[in-house]
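Subject: Structure handover and notes

Hello,

Please find the structure below. My notes on it follow directly after.

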Amino acid sequence: MKKTLLLVLLLCHITAYSQIDSVTINQLIANVEKKVIAWRRDIHEHPELGNQEVRTAALIARHLQQLGLEVKAGVAKTGVVGILKGGLPGPVVALRADMDALPVTEKPHVPFASTVTTLYNNQQTGVMHACGHDAHVAILMGVAEVLSAVKKQLHGTVTFIFQPAEEGGPAGEEAGAKLMVKEGVMDHPKVDVVFGLHMAALTEVGKITYRPGGTMASACDMKITVTGKSSHGAYPWASVDPIVVASQIVGNLQTIVSRNLNVTENAGVVTIGSINGGNRFNIIPEKVEMMGTVRALSPEDEKMMYEKIRLITAKTAELNGATAVAEVPYKIYNPVTWNDITLTNTMLSSLRKSAGDTNVVMVPAQTIAEDFSWYAQKAPALFIFLGALPPGTDPKKAAPHHTADFFIDENSFKTGIKAMVNLAIDYTQTITTPSH
């Protein structure tokens, strides 16, 4: 109730800087822009996979210590948290950047391209920042420098969260935002609101996109095991064929979205990505295993979809004299990335101040997922996307995220720094008493 009241007050009273003027802020941002580009290029040239971001973490920690922040290293394996205490009372705002790269071999289009290689899932591969996390880190380092320069006039506290393993850690290891939350980054100090930013390689540079409510889907993996009766392939009548049953289950699962989900409100996804059963052309196996993913944009849709998957799986098998079990979620789960509606609408003025009125655009929800969602479980949150497609480039021909040709325009960084600085200052200067 307190948080909601504070957000309503913020909606009514958000104004231009009272203690920290925009001229000062813009000059500080201009001064740090070249540093941000240099940091990004350095991190890009030396990428590290999830839970292995040792070099990146050291660079961040050293910078935050030089700024005089309270620094905690080794959080959630390799994470870094910096705490900036303003000179005036106020709330606690968290700003988050993710640090990890991907097992992708970069096509060297830039002089600072990665040449790092590693063994991943028993295969030799390159390592590349193919999703923009290098830019996220550099931008937030720049934001920390700007806010540190005005800390005497800053209300409240800013917690800088540099998170490892957004893309996941090594098999069997806890990782990412969920582990950061588990280790207390949202509680020490208690965070009132949290903001996050992500590069958008297919959105024109200078634009910021957002969506109130469910902006990215919850995502989980699922495992379906179908057990029948084996037989010689020449005598199918002597079997309970799990391959046939599995085929029927795959088809029936598609009715969950098409016949159970109100697609005018939210999208949903049920995808089977692998089917494994049998090892010879003339043997009907006893068992088939399937793996897939489920995506939803509200907790209610998620609950319904999980229940339908389990029911359809079990009953389809039963009709055929087989048994089948759907384990959903199986091992991986991230909740819906939920942008608090009041907070989102309130902070639009800050975003427009950063990018210009016409460059702040509401977009449809996406069925990709982000583990930023775990922070949004702990405090009202806003997650935005920063356009990084060079002007005049056809987005249909540009390389998407997670590919070897991935490219972002560094001219976007200034807008990103402005956005995060403005979000932090506008919120802290308007709400001058903590909500706890």
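The buried residues of helix α10 are covered by, among others, β8 (208-210), α9 (341-346), β18 (360-362), β19 (381-389) and α12; contact here means heavy atoms within 4.5 Å. Helix α10 itself spans residues 348-355, and its buried residues are L348, S350, L351, S354 and A355. They lie on the same side of α10, because the arc that they cover around the axis is only 160°. That arc is taken over the directions from the helix axis to the C-beta atoms. Buried stands for under 20% relative accessible area, exposed for over 50%, and partly exposed for in between (1.4 Å probe, protein chains only). Helices (H or I, at least four residues) and strands (E, at least two) are DSSP runs, numbered from the N terminus. Just after α10, G356 has a positive phi of about 100°.

On provenance: this is a predicted model, in which local features need pLDDT of at least 70 and side-chain atom pairs count only at pLDDT 80 or more, while totals for chains, interfaces and linings use all residues. Residues are numbered from 1 along each chain as its sequence is written, and side-chain values use heavy atoms, with hydrogens and water left out.

Next, the helix pairs. Two packed helices are described by the angle between their axes and the distance between the axes. Axes are lines fitted to C-alpha atoms, for helices over the stretch in contact, and angles run from 0 to 180 degrees between N-to-C directions.

Helix α12 (residues 413-430), already mentioned as part of the cover of α10, also packs against helix α4 (residues 133-149), at an angle of about 50° and with the axes 9 Å apart. The two are therefore oblique to each other (under 35 degrees is roughly parallel, over 145 roughly antiparallel, 65 to 115 roughly perpendicular, and the rest oblique). On the α4 side the contact is made by A135, I139, V143, V146 and L147, and on the α12 side by F413, G416, I417, M420, V421, A424 and I425. By class these are 11 nonpolar, 1 polar and no charged. Ala, Val, Leu, Ile, Met, Phe, Trp, Tyr, Cys and Pro count as nonpolar, Asp, Glu, Lys and Arg as charged, and the others, Gly among them, as polar.

For helix α6 (residues 242-253) and helix α8 (residues 299-319), the axes come within 9 Å and cross at roughly 145°. This crossing of α6 and α8 is right-handed. V245, Q248, I249, N252 and L253 of α6 meet I309, I312, T313, T316 and A317 of α8. The contact of α6 with α8 has 6 nonpolar, 4 polar and no charged residues.

The peptide bond from H188 to P189 is cis, with omega near 0°, and P189 sits in the loop between α5 (176-182) and β7 (193-204). V328 and P329 are also joined by a cis peptide bond, with omega about -10°; P329 is in the loop between β15 (323-327) and β16 (333-334).

K77, not a glycine, has a positive phi near 85°, and is partly exposed at 43% relative accessible area. N122 has a positive phi of about 65°, and is exposed at 73%.

Regards

Methods. Left-handed = near helix turned anticlockwise from the far one by under 90°.
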